[in-house]
Amino acid sequence: MTEPISTLTPSDIRAAGLADWRRILTGLSARFLTSDFEAGLAFVNGIGAAAQEANHHPDVVLKYGEVRVLLVSHDAGGVTARDLDLARRIS
């Protein structure tokens, strides 16, 4: 039987010092500004590579001049250490 994954408290998340990220009701959210669509696409490709490597997949929205990312561990029902690790890599 698999051990349940523990979620982090708001204090745990603040203590992680992730300046780009904000805790929202369901997870961690960040908005990254890019110079244009091509730069945003390259950034999203980098996020995809990091996500595949971590086997943890964020929701990503690509728009001209910005990329929005949402991290949440759906299997745990909140933010876990996996989300903090991937947030650090993305930042």
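## Close-up views of a predicted model

**View 1. Trp21 and its surroundings.** Trp21 is in contact (heavy atoms within 4.5 Å) with Leu28, Ser29, Ala30, Phe32, Val69, Leu71, Ala87, Ile90 and Ser91, leaving aside residues up to four places away in sequence. This is a predicted model, where local features need pLDDT of at least 70 and side-chain atom pairs pLDDT 80 or more, while totals for chains, interfaces and linings use all residues. Residues are numbered from 1 along each chain as its sequence is written, and side-chain values use heavy atoms, without hydrogens or water.

**View 2. The largest nonpolar core.** Such a core is a set of buried (under 20% relative accessible area, 1.4 Å probe, protein chains only) Ala, Val, Leu, Ile, Met, Phe, Trp, Tyr and Cys residues joined through side-chain atoms within 4.5 Å. Of its 19 residues, Leu18, Trp21, Leu28, Val69, Leu71 and Ile90 touch the most other members. Two or more residues come from each of β2 (28-33), α2 (37-54), β4 and α3 (81-90); helices (H or I, at least four residues) and strands (E, at least two) are DSSP runs, numbered from the N terminus.

**View 3. The open sheet.** Here four strands line up in the order β1-β2-β4-β3, with antiparallel pairing (at least two DSSP bridges between two strands). β1 (21-23) and β3 are at the edges with a single partner strand each, so one side of each has no neighbour in the sheet.

**View 4. The hairpin of β3 and β4.** Five bridges join antiparallel strands β3 (residues 59-63) and β4 (residues 66-71). Val60 has Val69 as its bridge partner in β4. Two residues lie between the strands, and Gly65 takes a positive phi near 85 degrees in this hairpin.

Notes: Buried < 20%, exposed > 50% of the residue type's maximum accessible area, 1.4 Å probe, protein only.
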